[in-house]
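Thanks for coming. I have one structure to go through today, so please look at the screen.

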Amino acid sequence: MGKVYAVGVGPGSPDYVTKVVGEIIRGCDIVIGYRYTLDTIRHLVDGKDVREITMNSQEDAYQKALAELGEKVLVVPFTGDVNFSESEVVDRLVEIFGSVEIVPGISAVQVAASRAGVPLDKSRIITMHVTGTIEGKKTELQRALADGLSVILVPRPWPSRPERHFMPSEIAAYLRERGFATDKLRVHVFEALTTDAETRFTGTVKELEGREFSDLSVMVFDQAVPDSYINYQQQ
């Protein structure tokens with residue numbers, strides 16, 4: 001049987017596709033992915049069998065690839081890092097193909113933290129970008145902010161299901177309703193990171209209410225306190 005790779009291709013700019021991932025894509029036969037993800041690697045897929053999918057068509061595409069795979073190499077690219085916020089799809093690929101090699105990429109979470117100057121090791125990282133319930137994740141967000149941690153968060157766009165739509169405006173209202181001083185809580189919202197369309201909002205959480213952001217958004221709640229090694233030299 002052939003080989004199946006799940007690879008991360010970075011936040012959006014071709015410059016953020018790692019060398020190892022680029023080599024895997026160049027050496028494959030079939031590529032199956034979403035349009036935005038495929039746009040990131042168009043320069044690598046000339047001559048490949050490229051199959052664009054949607055959420056509704058992905059299952060049929062994977063089953064068809066399984067039937068046709070033989071000794072071929074299949075690559076399923078993911079925006080950002082395949083190990084973050086993609087486990088539902090990766091688990092299904094393993095169920096279908098049996099063996100999938102996972103190759104990490106650069107996540108928008110990493111880039112957002114860098115843009116905001118917020119260290120990952122002093123932050124809680126939360127993704128709401130899942131199909132199932134996010135009630136536990138909402139509680140995790142409250143606890144992290146109450147504990148004074150920074151939070152890097154991927155919101156959940158679901159405009160066709162308003163009760164599941166949980167973007168920056170809804171998150172701001174949710175926190176206000178639970179007693180957080182959102183007029184004092186600092187936040188960054190990045191859209192389309194690393195691309196020519198990249199935007200950045202910086203302000204308070206309160207200012208997010210009523211604002212619309214794209215489904216390519218990452219939020220950074222900034223509660224970082226500088227603490228360099230010089231503070232510990234005399235200990």
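Predicted model: local features only at pLDDT ≥ 70, side-chain atom pairs only at ≥ 80, totals over all residues.

First, the overall build. The protein has seven helices and ten strands. Its radius of gyration is 20 Å, close to the 18 Å that the globule rule gives for 235 residues, so the protein is as compact as a globular protein of that length. The C-alpha trace spans about 55 × 50 × 35 Å along its principal axes. Of the 235 residues, 46% are buried. If you take the contacts with a separation of 6 or more, 66% come from residues 24 or more positions apart.

Next, helix H5, which runs over residues 108-116. Which of its residues are buried? They are Val 109, Val 111, Ala 112, Ala 113 and Ala 116. What do these buried residues pack against? Five strands: E6 at 123-127, E7 at 150-154, E8 at 186-191, and also E9 and E10. Both ends of the helix have something to show. At the start of H5, Ser 107 places a side-chain oxygen within 3.0 Å of the backbone nitrogen of Val 109. Just after H5 comes Gly 117, with a positive phi of about 70 degrees.

Now the aromatic rings. There are two aromatic pairs in the structure. One is Phe 166 with Tyr 174, an edge-to-face pair at 5.7 Å centre to centre, with 85 degrees between the planes. Those planes count as edge-to-face because the angle is over 60 degrees. Phe 166 is buried, at a relative accessible area of 5%, and Tyr 174 is buried too, at 9%. The other pair is Phe 201 with Phe 213, also edge-to-face, at 6.2 Å centre to centre and 70 degrees between the planes. This pair links distant parts of the chain: Phe 201 is in strand E9, residues 199-204, while Phe 213 is in the loop between E9 and strand E10, twelve residues apart. Phe 201 has 10% relative accessibility and counts as buried; Phe 213 is buried at 15%.

The charged end of Lys 138 sits over the ring of Phe 166, 4.6 Å from its centre. Arg 164 lies over the face of Trp 158, at 4.9 Å from the ring centre.

Is His 165 buried or exposed? It counts as buried because its relative accessibility is 19% and the cut-off for buried is under 20%. Leaving aside residues up to four places away in sequence, His 165 touches Arg 156, Pro 157, Trp 158, Pro 159 and Glu 170. With Trp 158 there is a specific approach: the backbone nitrogen of Trp 158 lies 2.8 Å from a polar atom of the His 165 side chain. For scale, His 165 and Glu 71 are 94 residues apart in sequence and 42 Å apart in space, C-alpha to C-alpha.

Last, Thr 182, in the loop between helix H7, residues 168-177, and E8. Thr 182 counts as buried, at 4% relative accessibility. With residues up to four places away again set aside, Thr 182 touches Ala 172, Leu 175, Arg 176, Thr 204, Val 205 and Lys 206.

That is the end of my list. Questions are welcome.

Key:
Residues numbered from 1 in each chain as written. Heavy atoms only, no water. Phe/Tyr/Trp six-rings, centres within 6.5 Å; stacked < 30°, edge-to-face > 60°. Buried < 20%, exposed > 50% of the residue type's maximum accessible area, 1.4 Å probe, protein only. Helix = DSSP H or I, 4+ residues; strand = E, 2+ residues; numbered from the N terminus. Lys NZ or Arg CZ within 6 Å of the ring centre and 35° of its normal. Rg over C-alpha atoms; globule rule 2.2 N^0.38 Å. Contact = heavy atoms within 4.5 Å. Polar contact = N/O pair within 3.5 Å; in protein donor to acceptor, adjacent residues only side chain to side chain.
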